[in-house]
Amino acid sequence: MFEIVERQEMAQGTIISNWIKAPKIAAKAKPGQFVILRANDKGERIPLTMADSDPAKGLINIIYMVVGKSTALFKTLQVGQFYQDVIGPLGQPTHLDKVGKVICVGGGTGIAVMHPIARGLKQAGNFVYSVIGSRSKDLLIMEERMKAASDELMICTDDGTYGHHGFVTDKLRETLEKHKDIALAVCIGPVPMMKFCCKVTKEFGVKTLVSLNPIMVDGTGMCGCCRVKIGGQMKFACVDGPEFDGHQVDWDELNLRLRSYLVEEKVSYDQFKAGHGSGKCSCGS
Amino acid sequence: MSEEVKAPKKEKIPRQKMPEQPANVRRHNFEEVPNGYTPELAMKEAERCIQCKDPRCRQGCPVEVEIPAFIAKIKEGDFEGAIRKIWEKNALPAVCGRVCPQEVQCEGMCIMGKKDAPVAIGNLERFAADQQRKHGRDILPPKAAPTGKKVAVVGSGPSGLTVAGDLILKGHDVTVFEALHLPGGVLIYGIPEFRLPKEIVASECHYLERLGGKIEVNSVIGRSETVDELLEHFDVVYLGVGAGLPVFLKIPGEHFIGVYSANEYLTRSNLMKAYDFPNYDTPIVKGKNVATFGGGNVAMDSARTALRLGAEHSYIIYRRSRDELPARGAEVHHAEEEGVEFLFLSNPLRFLGDDATGRLTGVECLKMELGEPDASGRRRPVPIPGSEFQVKIDTAVIAIGAGSNPLLTKSTPGLDLNKWGYIVADPKTGKTMKPRVWAGGDIVTGSATVILAMGAGRLASNSIHDYLTMGW
Ligand SMILES: Cc1cc2nc3c(=O)[nH]c(=O)nc-3n(C[C@H](O)[C@H](O)[C@H](O)COP(=O)(O)OP(=O)(O)OC[C@H]3O[C@@H](n4cnc5c(N)ncnc54)[C@H](O)[C@@H]3O)c2cc1C
Ligand SMILES: Cc1cc2nc3c(=O)[nH]c(=O)nc-3n(C[C@H](O)[C@H](O)[C@H](O)COP(=O)(O)OP(=O)(O)OC[C@H]3O[C@@H](n4cnc5c(N)ncnc54)[C@H](O)[C@@H]3O)c2cc1C
Ligand code: SF4
Ligand code: FES
């Protein structure tokens, strides 16, 4: 059992941050790695990146967007309550080498995944440009933490309520044009965003890392559910990734496979909402 | 030998069948297929054993269970005596009675099988174990005084459980580390409920805990802790991590939605209980037309799971013929009874799918014929040119074998691996090239059987005990 010791709602309750007591995992966690969580006996195994960790206190931080049944169930868990299972750290850590100038692009909850990587790259002695974006000002997360993790922070909103009015790709292109010596880009967010960022960086010939989020089950390379095509080769994102060279990723295949269970996901979420709203459920909130 | 055949002949009792759910009922539910013997049936079957002086059945058993001795106890109605006899050699009889390939082991050797049907040794073993679990006294075997030595067992499949059980009884302090959220290995995530109820696996694991062992689930060794880190806190480490790597067909279209590795399909259904979705949260594609590729136990389990998930057609597509099917006889028989359709001598070429939705719509195969025997002694399938044909399917399950998962081995310097990535260990002791590290089961032999994994565990536990008590 893994206790929640701190909980915060962000982006108008659509994104939740939990600090969870998991000393063994905290001692090992590196930027880019993830954990798999299950709320209870009947729960699905849900992969979430560790946005931060505190080995001294034995804590890990997850930040997730509420998109379906399992994340909605996670949202009901309050401080002092428990996740039944937390497994990790899983996946390969990011290589935080000094390459000079880097640009980090994060969209939506991808910002949370990006944060420890940007911070690590800065600590490694790189000059870090960061671009973060969301649909609207209210939905933007972690501005302060990203500011501290970057040398220069740019903000974009789709509706223009804050920062640049437009997509993160605009600022990415602008920065790459201005600073021809940027050696590495890291882009993390929804699949379409990563795909378009990679198109831009490819034009500039800048090596680009992305973090892929295919559907997973075990997270140990046992099932093959998380298979993605990288440069024409089958790779398992849970053990070979989740980070890959963005210019090699078959985005269309990833996008299709993410839609595997659309019908079932709706059934599950609708049932949860019905139970939860009617007071029949025992989640305590 | 001849003397045994001439042993006093009373009335001839036929081999007793276990009552089972009718095929048309069971193909729609996940409950266990055979219900097991009643005490009367078991005692009647036990009478069929002629108590050979030099029992051949025992030679056929990889862990040499005292078969005639336990059967004699059943015959007398001393069921506790029977289970105690079995336990001397086999710690997981409820499991083995259900899943061992008896027809090529004990029963395959049984003298009665020469003229008649062999004694139903597997059914009797299962009976003794079930009887004990359901009605027996709560007995725990005697345990040696604590030695103060600490043992880490990585992986909670049959081989890890065997090592743990043996060493706990010998007084060592044992902790089992398991990557998944439940212990049991393939017994919990792979073999379906209708063949091996999960309650049995849970009770075996619980038994270890009652003996004083610790089981730490959610521990992916190589990630959460490395083997070298374990060696700092433990005197020895046993690696029983299985052959957990899915093998794909490597044909076009394997990315389509609805194409599963058997590991994923069975894990979703068994471990995550997707058959009970949405009561459980994990979904699975409940195909109407399902094809399983392969011919072993894993393929039979997948095809029979598909039926129970509601398939109208569940095909097994296998490149050789029925005679070469490597699955247990009982599984093939049950699959046929339940209506699994076999397409023999067929090899898949490519999956067909809808590029807009990403969903699988069919598979194109090629007909094969049997040629000369290959290295395995089985006749090699050869393609018949121009014999392509298509099958309409919405779900495919690939069950053509497993490989060695590199997660642990790659993070453990000093282990010797063979060319397929399996750990090299001494077949007599389980010792690896790395000091204080033993290994056994599927991660050493490649995919094998429950009883062979347990046998390897037994050899290793003896060797580990020698090392811990005598220092070699
Ligand atoms: C390595 C990795 C790291 C991730 N990190 C984060 C993170 O830090 N923050 C965050 O908000 N999200 C993250 N995700 C995505 C997150 O796992 C999914 O949003 C979550 O599983 C959705 O579950 P649900 O039941 O709430 O929604 P559902 O209704 O089940 O699914 C909504 C969508 O999420 C995806 N999804 C569903 N099940 C899974 C699954 N078992 N594994 C992966 N994706 C799934 C599918 O595309 C689906 O359409 C990560 C995914 C991966 C693989
Ligand atoms: C579907 C199916 C049906 C089968 N049917 C039969 C049958 O009818 N009869 C028969 O005799 N055999 C059968 N087998 C084969 C048999 O189950 C295996 O040979 C046997 O389970 C091997 O035992 P093991 O202990 O070596 O490994 P496993 O049972 O594979 O257990 C290994 C365990 O180690 C864990 N693990 C892996 N890596 C790590 C790590 N890094 N850290 C911690 N834990 C880890 C795994 O999660 C797993 O729980 C079947 C196999 C399958 C898949
Ligand atoms: S089970 Fe068969 S081989 Fe074994 S002792 Fe009885 S009759 Fe002989
Ligand atoms: S999630 Fe099963 S192999 Fe990656």
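Predicted model: local features only at pLDDT ≥ 70, side-chain atom pairs only at ≥ 80, totals over all residues.

Analyst: To start with ligand 2, one of its oxygen atoms lies 3.4 Å from a backbone N or O atom of G185(B).

User: What is the distance from an oxygen atom of ligand 2 to a polar backbone atom of V186(B)?

Analyst: That distance is 3.0 Å. A polar backbone atom of A448(B) is 3.3 Å from an oxygen atom of ligand 2.

User: How much of ligand 2 does the protein bury?

Analyst: The protein buries 93% of the 1,000 Å² that ligand 2 exposes when taken alone.

User: Which residues come nearest to ligand 2?

Analyst: There are 35 residues around ligand 2, and the nearest are V99(B), E178(B), R195(B), I221(B) and D442(B).

User: And how do the residues of that shell divide?

Analyst: The shell around ligand 2 has 18 nonpolar, twelve polar and five charged residues.

User: Which domains does the shell draw at least three residues from?

Analyst: Domain 2 (150-244 + 403-470) and domain 3 (248-398) of chain B each give at least three residues to the shell around ligand 2.

User: Switching topic. How many cavities of 30 Å³ or more are there?

Analyst: The structure has four of them. The largest cavity holds about 160 Å³ of space.

User: Which residues are closest to the centre of the largest cavity?

Analyst: Of its 20 lining residues, I215(A), C225(A), R257(A), L258(A) and S260(A) are closest to the centre. Elements of two chains supply at least two residues each to this lining: β14 (227-230) and α8 (251-257) of chain A, and β6 (259-261) and α14 (262-271) of chain B.

User: How does that lining divide into nonpolar, polar and charged?

Analyst: The lining of the largest cavity has eleven nonpolar, two polar and seven charged residues.

User: How much space lies in the second largest cavity?

Analyst: About 130 Å³. The second largest cavity has 16 lining residues, and C61(B), V65(B), I67(B), C106(B) and E125(B) lie nearest its centre. Two or more lining residues come from each of α5 (67-76) and α9 (121-135) of chain B.

User: Which element gives the most to that lining?

Analyst: α9(B) does, giving three residues to the lining of the second largest cavity. That lining divides into eleven nonpolar, four polar and one charged.

Notes: Residues numbered from 1 in each chain as written. Chains lettered and ligands numbered in written order. Heavy atoms only, no water. Near = heavy atom within 4 Å. Polar contact = N/O pair within 3.5 Å; in protein donor to acceptor, adjacent residues only side chain to side chain. Areas by Shrake-Rupley, 256 points an atom, 1.4 Å probe, with all protein chains shown as cover. Nonpolar A, V, L, I, M, F, W, Y, C, P; charged D, E, K, R; others polar. Domains from an automatic or database assignment. 1 Å grid on protein atoms, 1.4 Å probe; cavity = no way out; pocket = protein on both sides within 12 Å on 5 of 7 lines; lining within 4 Å. Points joined across faces, edges and corners; volume = space filled by probe spheres on them. Helix = DSSP H or I, 4+ residues; strand = E, 2+ residues; numbered from the N terminus.
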